[in-house]
Amino acid sequence: MFNSKIIDLIIGLVMAFFAYDRISTGHTGMGIFFIVLALLNLFAFYLKLKTDKDIKQNQ
C-alpha cells in the first residue's frame, strides 16, 4: 500500500507534532525525545530517497 519512504516521512512528521505538543505543555524531556525520534525518521527518509536516486542513475 505505502512504501517505506512515505511511512518514514509520516512518522517523522507525527513525532515532530508530538514533540511540539510535549514541549508546549512543559514536558521538555519527552519533547526532546520525540525531536530525536523525528529527526532519525526524517534522516532515514532522506537516505532512502538518496539511495533510490543513486540506483536509478546507475541503471
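Let me begin with a definition: helices (H or I, at least four residues) and strands (E, at least two) are runs assigned by DSSP, and they are numbered from the N terminus. What we have on the screen is a predicted model, in which local features need a pLDDT of at least 70 and side-chain atom pairs count only at pLDDT 80 or more, while totals for chains, interfaces and linings use all residues. Residues are numbered from 1 along each chain as its sequence is written, and side-chain values use heavy atoms, with hydrogens and water left out.

I will start with the overall picture. In terms of secondary structure, the protein comes to two helices and zero strands. Its radius of gyration is 14 Å, well over the 10 Å that the globule rule gives for 59 residues, so the protein is more spread out than a compact globule. For this value the radius is taken over C-alpha atoms, and the rule is 2.2 Å times the number of residues to the power 0.38. Taken along the principal axes, the C-alpha atoms fill a box of roughly 50 × 20 × 10 Å.

Next, the surface and the contacts. The protein exposes about 4,600 Å², of which carbon and sulfur atoms supply 71%; these accessible areas come from the Shrake-Rupley method with a 1.4 Å probe, and for residues only the protein chains shown count as cover. Of the 59 residues, 17% count as buried, where buried means under 20% relative accessible area, exposed means over 50%, and partly exposed lies in between, with a 1.4 Å probe and protein chains only. If we take the contacts (heavy atoms within 4.5 Å) with a separation of 6 or more, residues 24 or more positions apart account for 53% of them.

Now to the charges. How many salt bridges does a search of the whole structure find? The search finds three, a salt bridge being a side-chain nitrogen of Lys or Arg within 4 Å of a carboxyl oxygen of Asp or Glu.

Let us look at Lys-5, which has its place in helix α1, residues 4–24. Lys-5 forms a salt bridge with Asp-52, and the closest N and O atoms are 2.5 Å apart. Because Lys-5 lies in helix α1 and Asp-52 in helix α2 (residues 28–58), this pair ties together parts that are 47 residues apart in sequence. Lys-5 counts as buried at 18% relative accessibility, whereas Asp-52, at 30%, counts as partly exposed. Leaving aside residues up to four places away in sequence, Lys-5 touches Phe-45, Lys-48, Leu-49 and Asp-52.

Asp-8 is also found in helix α1, and its partner in a salt bridge is Lys-48, with the closest N and O atoms 2.7 Å apart. This pair, too, links distant parts of the chain, with Lys-48 in helix α2 and Asp-8 in helix α1, 40 residues apart. Is Asp-8 buried or exposed? Asp-8 is buried, with a relative accessible area of 10%, while Lys-48 counts as partly exposed at 30% relative accessibility.

Finally, Arg-22 forms a salt bridge with Asp-21, where the closest N and O atoms are 3.4 Å apart. Arg-22 is partly exposed, with a relative accessible area of 27%, and Asp-21 counts as partly exposed at 28%.
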